[in-house]
Amino acid sequence: MTVDNRFKPFSLLKRYTTFLFIRYQGLHPIGKVAIWLVVLFYVLAGAFIIIITPARIFQALYDFADKLASLRFGWLILATALVAVSFPPLIGHTTLVTLCGFAYGMKGFAIASTASIFGSALVFVMLRFLFTRRLRHWSSQNEKWQALEAVVASRPICDILN
């Protein structure tokens with residue numbers, strides 16, 4: 001007996017929905033509240049965009065960018081905001097890059113790219129220092145990670161580059 005391919009996506013969807021519902025039921029109440037808060041945030045954000053309209057939102061961003069461009073250290077404010085947004089789980093990176101473009105045109109690319117790279121590097125270094133012990137503990141218990149570390153350690157760097 002063959003299965004009609006038209007119904008495979010529906011059976012796959014049903015299986016994943018069942019799996020997710022079972023995982024949801026096993027969550028702690030705080031986890032359930034967190035999920036519903038995230039859902040509420042996205043519903044409200046979507047409603048905000050629909051009600052306000054993207055044209056009015058971008059006009060407000062353009063007006064704000066114009067004010068930032070007239071400030072002496074407006075570029076520093078944008079760069080600092082981009083570095084701050086680099087720390088997870090903050091959102092707004094794309095909006096700030098758009099503000100850089102609105103305020104400084106093509107020169108805004110230099111501000112946005114430099115601040116983004118600096119923020120990413122800062123986050124990497126901080127997380128590396130903060131979670132080194134936990135990462136070593138986790139990697140000592142994970143067999144796949146140990147195998148990967150053994151392969152990387154056994155090959156000299158010149159073999160990897162060639």
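Ser86 is buried in this predicted model, with a relative accessible area of 18%; buried means under 20%, exposed over 50% and partly exposed in between, using a 1.4 Å probe and protein chains only. Ser86 sits in the loop between α4 and α5, where helices (H or I, at least four residues) and strands (E, at least two) are DSSP runs numbered from the N terminus. Leaving aside neighbours within four places in sequence, Ser86 is in contact (heavy atoms within 4.5 Å) with Ser116, Gly119, Ser120 and Val123.

Residues are numbered from 1 along each chain as its sequence is written, and side-chain values use heavy atoms, with hydrogens and water left out. Because the model is predicted, local features need pLDDT of at least 70 and side-chain atom pairs count only at pLDDT 80 or more, whereas totals for chains, interfaces and linings use all residues.

We turn next to the nonpolar core, a set of buried Ala, Val, Leu, Ile, Met, Phe, Trp, Tyr and Cys residues joined through side-chain atoms within 4.5 Å. The largest such core has 15 residues, of which Leu78, Leu82, Leu96, Leu99, Cys100 and Ala115 touch the most other members. Two or more residues each are given to this core by α3, α4 (74-85), α5 and α6 (107-130), and α4 supplies the largest share, 5 residues. Not counting residues up to four places away in sequence, Ala115 touches Ala79, Leu82 and Val83.

Two packed helices are described by the angle between their axes and the distance between the axes. Here, axes are lines fitted to C-alpha atoms, for helices over the stretch in contact, and angles run from 0 to 180 degrees between N-to-C directions. The axes of α2 (residues 29-52) and α3 come within 6 Å and cross at roughly 90°. That makes α2 roughly perpendicular to α3; the class spans 65 to 115 degrees, with under 35 roughly parallel, over 145 roughly antiparallel and the rest oblique. Phe48, Ile49 and Ile52 in α2 meet Pro54, Arg56 and Ile57 in α3.

For α3 (residues 54-70) and α5 (residues 93-104), the axes come within 8 Å and cross at roughly 60°, which makes α3 oblique to α5. On the α3 side, the contact is made by Phe58, Leu61, Tyr62, Phe64, Ala65, Leu68 and Ala69, and on the α5 side by Thr95, Thr98, Leu99, Phe102, Ala103 and Tyr104.
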